[in-house]
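User: I would like to go through this structure with you. Could you take my questions one at a time?

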Amino acid sequence: MKQGELSQYTKKTNQLLKRYGVKFGIYKNNIFHEQLFPFDCIPRIIGKDEFVYLNKGLIQRVNALNAFLKDIYGEKKIIKDRIIPEEFVYSSKGYLVEVEGLMPPQGIYAHIAGIDLVQAKEGTWYVLEDNLRIPSGASYPMIARTLCRRASPMTYVQNHVEDNRDYAVLLKETMDYVNTGGINAVFTPGRMNAAYFEHAYLAEKTGAVLVGPKDIVVNEDYLYFKNYTGSLEKIGALYRRISDEYLDPMTFMEDSLIGIPHLMEIYRKGNVAIVNAPGNGVADDKGIYYFVPKMIEYYFHETPILQNAPTYLPYYDEDLKFVLENFDRLVIKDVSEAGGYGVFFGNTLSRDEKEVFLETIRTERRRFIAQEVIDFKDLQIQDEDGIVERKADLRAFVLTGKTTRTWKSGLTRFSRNPDSFIVNSSQGGGFKDTWILSR
């Protein structure tokens, strides 16, 4: 199908997405705003051979991250062998002492990984972030593809596009593999959550039960869903869509109103699988990201297939010196922020802002990483002026159950601002479908 023919569906598809409630929420100034995640019908296209390369690199990376999590909450060999500094791990906000020595069902921590990549203009792919806690976004290309397929079903046959409807199958198989006996459930904090649409959509597509805090209870060492009749159904795998600190008020935040009291007690006993496992935040800390290539070499004795963006860690004296001397050409990231927040381009700060920032880096060296600014590929999108080009990234979804598999699709996000590299939905970005070609 020609690009012009495909692009005619953008307006209609967005109208349908709005009608079906395909939105995301943002809290700003203590007010909840819900808005459409703008969709562009011109797809990102990844050839078969290129996906084979990405697939190998993504599987290698996610397996290494799972090995790291198993090690860091277990024997801690990577610390003992001084590959990663001990204090660097334990000072991470994502590290949870509460799960020390706790082995999740089947030994899997990151069941669902969202790996954010960009492709430089010369073609090299770089990993920007690893998201291992509650990565979101798979539902958007799923439903957008469904709507576009209705409008032009032969497009996907004629262009030999891999079918992306199997994400629900991959997710269900992942939950089934770690299920300790009972039904699968998707745990949502409720309608006001930013990704509530996705919670409901994935529950429907996987055949899991969508449950909130009032629908679920721990009873005699097991987790149960209270159905509409008042009877109890045992839950064997809980795909949680809330952050660690809210999961269980008996273990984490005492004032959490959306958690499940005593959940961690039965989790420790192996009576329920939590997808993804609590404690994963230590592995997607942007500071720990720096060490992922070393993890691959350490655990597997392999050369990393996918590269990190060139990254500097002010924690080390040599890197601190480089960052201070080259600040204007670097992007600085707060290791604990997400959603496009805490990202600063050195050349955009005033002289006074720069001096304050440099002093902050000197005194809080564990708090930041610095990266080279990658001039990544522009992709064509439509706006009021016709076809224009904007920066875009790719969130690849990698699921680990009996094996580790990469979904043959992904969430391509783009900036609607011609002068911005920030593509996150919370920062006003839009999204595209991602076509993986079968030949």
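This is a predicted model: local features need pLDDT of at least 70, side-chain atom pairs count only at pLDDT 80 or more; totals for chains, interfaces and linings use all residues.

User: Let us start with helices. At what angle do the axes of α3 and α12 cross?

Analyst: The axes of helix α3 (residues 48-72) and helix α12 (residues 292-300) cross at roughly 80 degrees and come within 9 Å. Angles of 65 to 115 degrees count as roughly perpendicular, and α3 and α12 are therefore roughly perpendicular to each other.

User: Which residues make that contact?

Analyst: On the α3 side they are Q60, R61, N63, A64, L65, A67, F68 and D71, and on the α12 side V292, M295, I296, Y298, Y299 and F300. By class, the contact of α3 with α12 has ten nonpolar, two polar and two charged residues.

User: Staying with α12, which of its residues are buried?

Analyst: V292, P293, M295, I296, Y298 and Y299 of α12 are buried. The buried residues of α12 pack against α3, α4 (77-80), β5 (125-131), α11 (286-289) and β12 (307-308).

User: And what follows α12?

Analyst: H301 comes after α12, and its phi is positive, near 55 degrees.

User: Changing topic to salt bridges: how many does the structure hold?

Analyst: The structure holds 31 salt bridges. One of them joins the side chains of R413 and D116, at 3.3 Å from N to O. R413 lies in strand β20 (residues 411-414) and D116 in strand β4 (residues 112-119), so this pair ties together parts that are 297 residues apart in sequence.

User: Are R413 and D116 buried or exposed?

Analyst: Both R413 and D116 are buried. They also belong to a network of salt bridges that links D116, D393, R395 and R413.

User: What about R329, which residue does it form a salt bridge with?

Analyst: R329 forms a salt bridge with E372, and the closest N and O atoms are 2.7 Å apart. R329 lies in the loop between α13 (317-325) and β14 (330-334), while E372 lies in strand β16 (residues 368-372), so the pair ties together parts that are 43 residues apart in sequence.

User: Why does R329 count as partly exposed? And what is the relative accessible area of E372?

Analyst: Buried means under 20% relative accessible area and exposed means over 50%, with partly exposed in between. R329 counts as partly exposed because its relative accessibility is 41%. E372 has a relative accessible area of 19%, so E372 is buried.

User: Next, where do D378 and K391 lie?

Analyst: The side chains of D378 and K391 meet in a salt bridge of 3.5 Å, N to O. D378 lies in strand β17 and K391 in strand β18, so the pair ties together parts that are 13 residues apart in sequence. D378 counts as partly exposed at 24% relative accessibility, whereas K391 counts as buried at 9%.

User: In what sense do β17 and β18 pair, and over how many bridges?

Analyst: Strand β17 (residues 378-383) and strand β18 (residues 386-400) pair in the antiparallel sense over six bridges. A hairpin of two residues joins β17 to β18, and D383 stands opposite G386 in β18.

User: What joins β8 to β9?

Analyst: Strand β8 (residues 216-219) and strand β9 (residues 222-226) run antiparallel and are joined by four bridges. N219 stands opposite Y222 in β9. Their hairpin has two residues between the strands, and E220 in this hairpin takes a positive phi near 50 degrees.

User: How many bridges join β9 to β10?

Analyst: Four bridges join β9 to strand β10 (residues 232-240), and these strands run antiparallel. F225 stands opposite E233 in β10. Five residues lie between β9 and β10 in their hairpin, where G230 in the turn has a positive phi of about 95 degrees.

User: Last topic, the open sheet. What is the order of its strands?

Analyst: The order of the four strands is β13-β16-β14-β15, with antiparallel pairing. β13 (311-312) and β15 (343-345) are the edge strands, each pairing on one side only. Three bridges connect β14 and β15 in the antiparallel sense, and V343 in β15 is the bridge partner of K333.

User: Which strands does α14 lie across?

Analyst: Helix α14 (residues 351-363) lies across β14, β15 and β16, and runs at about 120 degrees to β16.

Technical notes
Residues are numbered from 1 along each chain as its sequence is written. Side-chain values use heavy atoms; hydrogens and water are left out. Axes are lines fitted to C-alpha atoms, for helices over the stretch in contact, and angles run from 0 to 180 degrees between N-to-C directions. Angles under 35 degrees count as roughly parallel, over 145 as roughly antiparallel, 65 to 115 as roughly perpendicular and the rest as oblique. Contact means heavy atoms within 4.5 Å. Ala, Val, Leu, Ile, Met, Phe, Trp, Tyr, Cys and Pro count as nonpolar, Asp, Glu, Lys and Arg as charged, and the others, Gly among them, as polar. Two strands pair if DSSP finds at least two bridges between them. A salt bridge is a side-chain nitrogen of Lys or Arg within 4 Å of a carboxyl oxygen of Asp or Glu. Buried means under 20% relative accessible area, exposed over 50%, partly exposed in between (1.4 Å probe, protein chains only).
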